[in-house]
Amino acid sequence: IGEALNNIGRCYDCMGKFELALEYDIRALEMKQRLFPHDHPDIATSLNSIGLAYYSHYDFEQALD
């Protein structure tokens with residue numbers, strides 16, 4: 001389910017719906033953080049998706065955070 005949420009977020013980002021994209025990416029991250037240890041690759045995937053959403057909207061400082 002977490003990966004599906006990430007994919008939905010990416011679709012919204014491609015459609016230019018930044019707020020929805022970020023909402024889905026954060027939901028995916030929160031779900032994965034409850035299920036996996038902090039160094040699990042799926043958590044990295046969600047963090048990357050959040051960073052890409054900020055990056056594609058020119059918020060480079062947030063993307064690095």
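## An exposed tyrosine

Tyr58 is exposed, with a relative accessible area of 66%. The cut-off for exposed is over 50%, so Tyr58 passes it. This comes from a predicted model. Tyr58 sits in the loop that joins helix H3 (41-56) to helix H4 (60-64).

Now turn to helix H1. H1 has 13 residues, and at 1.5 Å a residue they should span 18 Å. The end C-alpha atoms of H1 are 19 Å apart, which agrees.

Which residues of H1 are buried? They are Gly2, Leu5, Asn6, Gly9 and Asp13. Seen down the axis of H1, these buried residues fall within an arc of 100°, so they line one face of the helix. An α-helix has 3.6 residues a turn, so residues three or four places apart point the same way. The cover over the buried residues of H1 includes H2 and H3.

## Two salt bridges

How many salt bridges does the structure hold? There are two. Side chains of opposite charge can pair when their charged atoms come close.

Is Lys32 buried or exposed? Lys32 counts as buried, because its relative accessibility is 2% and the cut-off for buried is under 20%. Glu3 is partly exposed, with a relative accessible area of 34%.

The other salt bridge is between Asp13 and Arg10, at 2.9 Å from N to O. Both residues lie in helix H1. They are three residues apart, about one turn of the helix. Asp13 has 8% relative accessibility, so Asp13 counts as buried. Arg10 is partly exposed, with a relative accessible area of 42%.

## After H1

What follows H1? Gly16 does, and its phi is positive, near 85°. Lys17 is found in the loop between helix H1 (2-14) and helix H2 (18-35). Lys17 is partly exposed, and its relative accessible area is 39%.

How far is Lys17 from His38, C-alpha to C-alpha? The separation is 29 Å. Along the chain, Lys17 and His38 are 21 residues apart.

How values were computed:
Residues numbered from 1 in each chain as written. Predicted model: local features only at pLDDT ≥ 70, side-chain atom pairs only at ≥ 80, totals over all residues. Heavy atoms only, no water. Helix = DSSP H or I, 4+ residues; strand = E, 2+ residues; numbered from the N terminus. Buried < 20%, exposed > 50% of the residue type's maximum accessible area, 1.4 Å probe, protein only. Salt bridge = Lys/Arg side-chain N within 4 Å of Asp/Glu carboxyl O. Expected span 1.5 Å × (residues − 1). Arc of directions from axis to C-beta. Contact = heavy atoms within 4.5 Å.
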